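Subject: Structure for your files

Dear colleague,

Here is the structure I said I would send. My notes on it follow below the model.

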Amino acid sequence: MYLVAAMVLVADRLTKVWATHSLQGGPPIKLIRGILDLSFTTNRGGAFGLFGGAAWLFFGATILVCGVIVVASFSLPGKASAVGLGMVLGGAAGNLTDRLVNGGALSGRVVDFVHIHGWPVFNVADSAIVVGAATLLIASLGRTSRREAREDG
C-alpha cells in the first residue's frame, strides 16, 4: 500500500512541476482535438474545483482521510484493497502537498492540467483518488459475493 502511495505521490508531484513550468501562461497543448488537452489552472476547492471557498474543509478532510487510511493499513483484507487505499493515500498526499507548497494549508491552491472536454480540469492525484475508490468498491463487492457464496454453500 505504501509503495503504491509513494509512486502516486511522486508521479503527481513530477507532473505538477512539469505543468507549472511548461503550461503556465501558455496556450493549451492539444493532444486530441476537441477531446483532450493539457492546460494549466489551479483551484482552492476539492475535486474538480468544487467548494473553492472552503479550502480549510478540504485540508482538514484530507488529514482525516490520510489518518484513517494509515490506521486501516494494519488490517487490510487483500491486495486489491491495499492498492486502492494506496492510490487514495498517494492522491490525497499529492493534493495536500500542493496546498502547502502553493500558499499554505488553508489557502493553498492545487495545480490541475488534464482537460477532457466536457469535464473539469484535473490532475494525477485526482485520478488516483477516483480510481483508488473504484478499486476499493470493486474489492468490497468481491468480498461480499464470496462471503454470501460461502454462507449459501
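Helix α1 covers residues 2–22, and at 1.5 Å a residue its 21 residues should span 30 Å; the end C-alpha atoms are 30 Å apart, which agrees. The expected span is 1.5 Å times one less than the number of residues in the helix. Helices (H or I, at least four residues) and strands (E, at least two) are DSSP runs, numbered from the N terminus.

This is a predicted model, in which local features need pLDDT of at least 70 and side-chain atom pairs count only at pLDDT 80 or more, while totals for chains, interfaces and linings use all residues. Residues are numbered from 1 along each chain as its sequence is written, and side-chain values use heavy atoms, with hydrogens and water left out.

The buried residues of α1 include Ala-5, Val-8, Asp-12, Lys-16 and Ala-19. They cover an arc of only 70 degrees around the axis, which puts them on the same side of α1. The arc is that of the directions from the helix axis to the C-beta atoms. An α-helix has 3.6 residues a turn, so residues three or four places apart point the same way. Leu-3, Met-7, Leu-14 and His-21 are exposed, on the other side of α1. Buried here means under 20% relative accessible area and exposed means over 50%, with partly exposed in between (1.4 Å probe, protein chains only).

Next, the sheet. Its three strands form an open sheet in the order β1-β2-β3, with antiparallel pairing. β1 (29–32) and β3 (110–116) are the edge strands, and each pairs on one side only. On average, neighbouring strands of this sheet are turned by 35 degrees against each other, direction ignored. Two strands pair if DSSP finds at least two bridges between them.

β1 and β2 pair over three bridges. Ile-29 stands opposite Leu-38 in β2, and Lys-30 has Asp-37 of β2 as its bridge partner. The hairpin of β1 and β2 has three residues between the strands, and Gly-34 there takes a positive phi near 75 degrees.

On the β3 side, β2 (residues 36–43) is joined to β3 by six bridges. Leu-36 stands opposite Ile-116 in β3, and Thr-41 stands opposite Asp-112 in β3.

How does α1 sit on this sheet, and at what angle to β3 does it run? α1 lies across β1, β2 and β3, at about 85 degrees to β3. Axes are lines fitted to C-alpha atoms, for helices over the stretch in contact, and angles run from 0 to 180 degrees between N-to-C directions.

Helix α3 (residues 79–101) has 23 residues, which at 1.5 Å a residue should span 33 Å; its end C-alpha atoms are 32 Å apart, which agrees. After α3 comes Gly-103, with a positive phi near 130 degrees.

For the whole protein, there are four helices and three strands, running α-β-β-α-α-β-α from the N terminus on. Of its 153 residues, 34% count as buried. Among contacts (heavy atoms within 4.5 Å) between residues at least 6 apart in sequence, 68% join residues at least 24 apart.

Regards
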